[in-house]
Amino acid sequence: LMQLSIPLNFIGFIYREIRQGLTDIEQMFDLLDVDAEVKDKPDAPDLHVRDGTVEFHDVKFAYDRQRPILKGISFKVPAGKSVAIVGPSGAGKSTISRLLYRFYDVQDGAITIDGQDVRDVTQKSLRASIGMVPQDTVLFNDTIRYNIRYGRPTATKEEVEKAAEMAQIGDFIQSLPDGYDSMVGERGLKLSGGEKQRVAIARTILKAPPIQVLDEATSALDTATEQEIQQALDYVSEGRTTLVIAHRLSTVIGCDEIIVLRDGMIAERGTHTRLMSIEDGLYASMWARQSEAIEAERRLREARETD
Ligand code: ATP
């Protein structure tokens, strides 16, 4: 046993040593989300985006077959339009974005882009056509400039800075002692959730994909940050097919269609105005609850200030 325990300890030591060095590679894999389960078909052609219409056709999906998450979801995001998915926590909102990006395959039904099933085209071409602003952006241990340029490695210095400004993060970067050369990531400056999300938006602005998915951060943001992000998102969505996975409701008001998901099914759908007019509707009640929470927070803040 002694003979075995020494090599095991040694392996543990080596593993920990290597792990640190591997963090960057791991992050890269996270970012690309390399998933061996989903494979290209032999001789799969590239996706050809014409106008960028996204359609879900009766999509069913479960991570674990015992527990269905999506039980038959159909909707269309017409080219250049924006559709928001809202609904209670755990309803399957983010799952929809993961399926479109093909991190997983649907179990029934299909997802198409301009009529091409995402399972029939190369993953590389699929992912090159979709800009993902994820809930939690992975940053490389490198400069902020490098992290933004990741959206399009050939972008010039000026293009990177312009994208940062459009994403409402330019002033913040300029206020840093080393500006765009500041190191970020695990071993550098830690950015807040809202700042990271704006880095992701800047990347997407550089990438300029025909289709984009915005998966909002779940974490609460202060009102000013939320407005800045909203402005950045409005800019990036202009004229592009946009799917918004919304955890807060304030971001969805202007969307062309809002889909309310509950228990893996579409419970309600329509514009903000239409959904608000449904008596005892789920969307209207979500708004009422969110408004109450905001009001309660405001009162609490006022009470603190007068103390
Ligand atoms: P939230 O608003 O809280 O982010 P959501 O509507 O985006 O929720 P999803 O992230 O789509 O919800 O998750 C839907 C359900 O699937 C949840 O119950 C979750 O626990 C489960 N789930 C998500 N990812 C996985 C996974 N990788 N493996 C197994 N179950 C998962």
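Modeller: The largest nonpolar core holds 65 residues, and A84, L100, I148, I201, A202 and I258 have the most contacts inside it. Such a core is a set of buried Ala, Val, Leu, Ile, Met, Phe, Trp, Tyr and Cys residues joined through C-beta atoms within 7 Å. Buried means that 20 or more other C-beta atoms lie within 10 Å of the residue's own, with C-beta atoms placed from the backbone. Helix 7 (residues 193-207) gives this core its largest share, six residues.

This is a predicted model, in which local features need pLDDT of at least 70 and side-chain atom pairs count only at pLDDT 80 or more, while totals for chains, interfaces and linings use all residues. Residues are numbered from 1 along each chain as its sequence is written.

L100 is in contact with V54, I111, I130, V213 and L243, leaving aside its neighbours within four places in sequence. Two residues are in contact if their C-beta atoms, placed from the backbone, lie within 7 Å. In the protein chain, 72% of the contacts with a separation of 6 or more are between residues 24 or more positions apart.

Of the chain's 307 residues, 33% count as buried. The chain has 10 helices and 12 strands; these are DSSP runs, helices being H or I with at least four residues and strands E with at least two, numbered from the N terminus. Helix 10 (residues 282-306) has 25 residues. One of these 25 is buried, so helix 10 lies largely in the open.

Technical notes
Expected span 1.5 Å × (residues − 1). Buried ≥ 20, exposed ≤ 12 C-beta atoms within 10 Å, placed from the backbone.
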